[in-house]
Amino acid sequence: MASSQGWTAKQNKRFENALAIFDKDTPDRWQNLARAVGGKTVEEVKRHYEKLVEDVKQIEEGHVPLPNYRNVATMGSSIRGYSYMDEENRMKALSLQ
């Protein structure tokens, strides 16, 4: 049973995970991807992949500005329950420094 509606966050995550498993040399790749996503046809999965490839191309060519995360997060600040720390303190916390 396929859906012509948009993709849910769960379907997108399943799609991403399945792409990591079923590479371009996998026999029946598109059928496997559609089965892993659930609720999408092979054609819908192919179109979704083509859109992803185009999005990546646009990013790599500099047509999409990258977010500036450094200005958002500072030591001790939090946004919606997420706590941030600077790189030095993060490395200490991970015992990598």
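# Helix packing in a predicted chain

Tutor: Buried residues make up 15% of the 97 residues in the chain, where buried means under 20% relative accessible area, exposed means over 50%, and partly exposed lies in between (1.4 Å probe, protein chains only). The model is predicted, with local features needing pLDDT of at least 70 and side-chain atom pairs counting only at pLDDT 80 or more, while totals for chains, interfaces and linings use all residues. Residues are numbered from 1 along each chain as its sequence is written, and side-chain values use heavy atoms, with hydrogens and water left out.

Student: In what order do the elements of the chain run from the N terminus on?

Tutor: The secondary structure comes to 4 helices and 2 strands, these being DSSP runs numbered from the N terminus (H or I for helices, at least four residues; E for strands, at least two). Read from the N terminus on, the elements run α-α-α-β-β-α.

Student: At what angle do helices α1 and α2 pack?

Tutor: Helix α1 covers residues 9–21 and helix α2 covers residues 29–37, and their axes are 8 Å apart. Axes here are lines fitted to C-alpha atoms, for helices over the stretch in contact, and angles run from 0 to 180 degrees between N-to-C directions. On that scale, the packing angle of α1 and α2 is about 145°.

Student: Is the crossing in which α1 passes α2 left-handed or right-handed?

Tutor: A crossing is left-handed if the near helix is turned anticlockwise from the far one by less than a right angle, and right-handed if clockwise. By that convention, the crossing of α1 past α2 is right-handed.

Student: How many nonpolar residues does the contact of α1 with α2 have?

Tutor: Contact means heavy atoms within 4.5 Å, and by it Gln11, Arg14, Phe15, Ala18 and Leu19 in α1 meet Arg29, Leu33, Ala36 and Val37 in α2. Ala, Val, Leu, Ile, Met, Phe, Trp, Tyr, Cys and Pro count as nonpolar, Asp, Glu, Lys and Arg as charged, and the others, Gly among them, as polar. Sorted in this way, the contact has 2 charged residues and 1 polar residue, and its number of nonpolar residues is 6.

Student: Which residues does His48 contact, leaving aside its neighbours within four places in sequence?

Tutor: His48 has its place in helix α3 and, at 18% relative accessibility, counts as buried. From the side of Phe15, with residues up to four places away again not counted, the partners are Trp7, Leu33, Val37, Val45, His48, Tyr49 and Leu52. His48 in turn is in contact with Trp7, Asn12 and Phe15.

Student: How far apart are the C-alpha atoms of Arg14 and Val37?

Tutor: Arg14 has its place in helix α1 and is partly exposed at 38% relative accessible area. Leaving aside neighbours within four places in sequence, Arg14 is in contact with Ala36 and Val37. Although Arg14 and Val37 are 23 residues apart along the chain, their C-alpha atoms are separated by 5.2 Å.

Student: What is the phi of Asp28?

Tutor: Asp28 is found in the loop between α1 and α2 and, at 55% relative accessibility, counts as exposed. Asp28 is a residue other than glycine, and its positive phi is near 55°.
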